[in-house]
Amino acid sequence: MSNFDTRQSQQVQRTSDGRLRHLITLDGLSRAEITSLLDMAQFYVRKPHELPARDQSLAGHTVANLFFEPSTRTRVSFELAAQRLGAYVVNLDMQTSSRVKGETVLDTLYTLQAMHADVLVMRDAEPGLPAQVAPFVAPHVSILNAGEAHVSHPTQGLLDALTIRQHKPDFSKLSILIVGDLMHSRVARSTWRALDTVGIGEVRIAGPSHLLPPANEFTGAVRYTDINQAIKDVDVVMALRIQKERMNEAHIPDDAGYCREFGLTPERMKLARPDAIVMHPAPMNRGVEITNEVADGKQSVIQQQVTNGVAIRMAVLATIARGAHGQ
Ligand code: CP
């Protein structure tokens, strides 16, 4: 799997006067832009027993969810976020759409925009697709990347940064370990980008050597193949899913062996700081990269990540709709 150059994504996501029209990558966003999105999301955050925040930032807009790969959290949270901002929402079921008859992605997007969809939320397994289609959509349409192959998952990166900030507000003092299948992880790439931009103190990455990313990615991160070394005294531990669907047979580790070598277990968590938080973008392979005790334990903020996903997507939708950046 090759390193992916996101320069095209960075260029096409802005208008000629620098405003963020699409959100395809976090690469190239400034610290101020990311902080502004986190602040806005924090405003939208509600605890489970509270009524959700609402406003009319997207009143009259139509948001279409086009997930060409499976999703639970991202798709539902984009839907809830759009509803809470007053938008109409359409969820295209790809299994019963005309894509199975061979219709191209671009024709699918043209079809939705002809029905006056304004925001097209896309997930796809093809690297580069959001940046390829963005120049061809109508001027009133924005593309939001909801997961692009192994390359990018910008709203997940933002919600991870928000979750960390809620527990540990001074990024500069933090040490984070991201452990697991970094090679195939769009989440790790976007979360690292968000944290690097806001000035995280230290990033460590760990995993089997064949699942670590190429040397020219995650610049500045310290690399480990021994999790027991990597986890020592960190403030944040993020486990990643083994993405079997993106591996050939030879690279798929056996579950028990992987858990023994790299899994987050209660014993291993004792090596991190006592107040360390545990994160996972989910879906989880319980008993593989994380045990039930850790996933459901006191240090886990995994459900809070899910809750923050709605608020982050509200912030992104509202920001795109208002054309807030660069004004
Ligand atoms: N974290 C994440 O993207 O989850 P889904 O695949 O369920 O959307």
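Author: **The shell around the ligand**

By class, this shell has 2 nonpolar, 5 polar and 2 charged residues (Ala, Val, Leu, Ile, Met, Phe, Trp, Tyr, Cys and Pro count as nonpolar, Asp, Glu, Lys and Arg as charged, and the others, Gly among them, as polar). The model is predicted: local features need pLDDT of at least 70 and side-chain atom pairs pLDDT 80 or more, while totals for chains, interfaces and linings use all residues. Residues are numbered from 1 along each chain as its sequence is written, and side-chain values use heavy atoms, with hydrogens and water left out.

Around the ligand stand Ser71, Thr72, Arg73, Thr74, Arg123, His153, Gln156, Pro281 and Ala282, where a residue is near if one of its heavy atoms lies within 4 Å. Ser71 places a polar side-chain atom 2.6 Å from an oxygen atom of the ligand. For Thr72, a polar backbone atom is 2.8 Å from a ligand oxygen atom. A nitrogen atom of the ligand lies 2.9 Å from a backbone N or O atom of Ala282. The protein buries 92% of the 260 Å² that the ligand exposes when taken alone (accessible areas by the Shrake-Rupley method with a 1.4 Å probe).

The chain is divided into domain 1 (6-152 + 309-324) and domain 2 (154-305), with bounds from an automatic or database domain assignment. Their C-alpha centres lie 25 Å apart. The contact between them (heavy atoms within 4.5 Å) takes 33 residues from domain 1 and 26 residues from domain 2. Each of these domains gives at least three residues to the shell around the ligand.

Technical notes
Polar contact = N/O pair within 3.5 Å; in protein donor to acceptor, adjacent residues only side chain to side chain.
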